[in-house]
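Trainee: I would like to go through this model with you and ask, for each label, what grounds there are for using it.

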Amino acid sequence: MNDFEPQQCELGGCTNPATQISPEGHVCSSCAASIGVDYRRAERRERRALR
Ligand SMILES: [Zn+2]
C-alpha cells in the first residue's frame, strides 16, 4: 500500500506528474486548472438541483 507514490497525470496524452486529485482522477496542476472550469459548472448545477 503506497498511497503516497507519485503518479502521472491521468488525462489522455499528458505525462506530467500528477499533483492534484480531481473527479477525473490524478491530474497535473495545468490539467486541474482546465478541469476546474467544468468542475465549477458542475458544482453550480448540483447546488441548483439541491435547492
Ligand atoms: Zn495533465
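Trainee: Why is glutamine 8 called partly exposed?

Mentor: A residue is buried if 20 or more other C-beta atoms lie within 10 Å of its own, exposed if 12 or fewer, and partly exposed in between, with C-beta atoms placed from the backbone. Glutamine 8 has 13 other C-beta atoms within 10 Å, and is therefore partly exposed. This is a predicted model, in which local features need pLDDT of at least 70, side-chain atom pairs count only at pLDDT 80 or more, and totals for chains, interfaces and linings use all residues. Residues are numbered from 1 along each chain as its sequence is written.

Trainee: What makes alanine 18 count as buried?

Mentor: Alanine 18 has 20 C-beta neighbours inside 10 Å, so it counts as buried.

Trainee: Which residues does glutamine 8 touch, leaving out those up to four places away in sequence?

Mentor: With contact taken as C-beta atoms, placed from the backbone, within 7 Å, glutamine 8 touches Thr15, Pro17 and Ala18. Alanine 18, under the same exclusion of residues up to four places away, touches Gln7, Gln8, Cys9, Glu10, His26, Val27 and Cys28.

Trainee: What makes up the largest nonpolar core?

Mentor: A nonpolar core is a set of buried Ala, Val, Leu, Ile, Met, Phe, Trp, Tyr and Cys residues joined through C-beta atoms within 7 Å. The largest one here has five residues, namely Cys9, Leu11, Ala18, Val27 and Cys31, while buried residues make up 10% of the 51 residues in the chain.

Trainee: How do you know which pattern the chain follows along the sequence?

Mentor: Helices (H or I, at least four residues) and strands (E, at least two) are DSSP runs, numbered from the N terminus. The chain comes to one helix and two strands, and read along the sequence the pattern is β-β-α. Alanine 18 lies in the segment before strand E1 (20-22), and glutamine 8 also lies in the segment before E1.

Notes:
Two residues are in contact if their C-beta atoms, placed from the backbone, lie within 7 Å.
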